Amino acid sequence: KQIGAPVYYYCIEGLGIYDVASLNSYGKNWSNDDYVRMWAELGKEEYKKILREEFGLVHISRNDIIRYKLYEELKDNGYKTLYSKTYIPKEKLFSGEFDIEHIIPQARLFDDSFSNKTLEARSINIEKSNATARDYVESKYGQQGLDEYTKKVENLFKSKVISKSKRDKLLMCEADIPSGFIERDLRNTQYIAKKACEILEE
């Protein structure tokens, strides 16, 4: 369920530091700006505490928070990556061996939101290059590998671990990317970036 104008949904999703279901559970008396500011602030502090206490991080960046959220998103998959099934040990999450990978490369879809990101081994990310996740899995692991991957993605979606937006991107082949996506996403991203900066600078 989206809150208000979709641009705000994508804005806070892009920040990667909130829970949409929780946002909506608080009712409809608050403005979209209230939702965004509250969860951006509370989310940052909650995740910073976890990263300091459990991972020993001192200077915590936005990408550190996103990396941790993507890691927790893989919990039901045994903390294994979606493409190569590589296990991510907790102590190696910030080691540089694993990348925050764009499910659909930005060369194909100008989308830097949380729903277009997952964690994958750096070597796989490099090998995947500008292929979509689905196309890469099919070319690398064949039809059986693709069937297993599709089932895994669908299970995560049905369990409400991933959003519909992420599910769609994980299963999208290059031929299914609608024309005009890059231009439209560029305009949306520019606006979202502006709003995010305003929120974080307050």
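In this predicted model, Glu 120 touches a set of residues that lie beyond four places away in sequence. They are Thr 81, Leu 82, Tyr 83, Ser 84, Thr 86, Phe 98, Asp 99, Glu 101 and Asn 125. Glu 120 itself is found in strand β2, which runs over residues 117-121. One of these neighbours, Thr 81, also makes a polar contact with Glu 120, side chain to side chain, at 2.9 Å. Glu 120 is buried, yet it has no salt bridge. The nearest side chain of opposite charge belongs to Lys 152 and is 7.9 Å away. A salt bridge requires the nitrogen and the carboxyl oxygen to lie within 4 Å, so Lys 152 does not qualify as a partner.

Elsewhere, charged side chains do pair. The structure holds 15 salt bridges. In one of them, the side chains of Lys 85 and Glu 148 meet at 2.8 Å, N to O. Lys 85 lies in the loop between α4 (62-73) and β1 (98-102), whereas Glu 148 lies in helix α6 (residues 133-158), so the pair ties together parts that are 63 residues apart in sequence. Both ends of this bridge count as partly exposed. Lys 85 has a relative accessibility of 46%, and Glu 148 has a relative accessible area of 36%.

A second bridge links Lys 169 and Asp 111, whose closest N and O atoms are 2.4 Å apart. Lys 169 sits in helix α7 (residues 164-170) and Asp 111 in the loop between β1 and β2, so this pair ties together parts that are 58 residues apart in sequence. Here the partners are buried. The relative accessible area of Lys 169 is 9%, and the relative accessibility of Asp 111 is 10%.

The side chains of Arg 134 and Glu 138 meet at 3.1 Å, N to O. These two residues are four apart in helix α6, which means that about one helical turn separates them. Arg 134 is partly exposed at 21% relative accessibility. Glu 138 is also partly exposed, with a relative accessible area of 32%. Salt bridges that share partners also join Glu 154, Lys 164, Arg 167 and Asp 168 into one network.

Helix α6 is not straight. A kink of about 130° is centred on Gly 142. The end C-alpha atoms of α6 are only 19 Å apart, while a straight helix of 26 residues would span 38 Å at 1.5 Å a residue. Several residues of α6 are buried, including Ala 133, Tyr 136, Val 137, Gly 145, Leu 146 and Tyr 149. Lys 152, Val 153, Glu 154 and Leu 156 are buried as well. The buried residues of α6 pack against α5 (122-128) and α7. After α6 comes Lys 160, whose phi is positive, near 65°.

The wider fold can now be described. The chain has eight helices and two strands. Along the sequence, these elements follow the pattern α-α-α-α-β-β-α-α-α-α. Of the 202 residues of the chain, 46% count as buried. Among contacts with a separation of 6 or more, 60% involve residues 24 or more positions apart.

Definitions and conventions. Residues are numbered from 1 along each chain as its sequence is written. This is a predicted model: local features need pLDDT of at least 70, side-chain atom pairs count only at pLDDT 80 or more; totals for chains, interfaces and linings use all residues. Side-chain values use heavy atoms; hydrogens and water are left out. Buried means under 20% relative accessible area, exposed over 50%, partly exposed in between (1.4 Å probe, protein chains only). Lys and Arg count as positive and Asp and Glu as negative; His and the chain ends are not counted. A polar contact is a pair of N or O atoms within 3.5 Å; within protein, one must be able to donate a hydrogen and the other to accept it, and residues adjacent in sequence count only if both atoms are side-chain atoms. Contact means heavy atoms within 4.5 Å. The expected span of a helix is 1.5 Å times one less than its number of residues. The bend at a residue is the angle between axes fitted to the seven residues ending there and the seven starting there.
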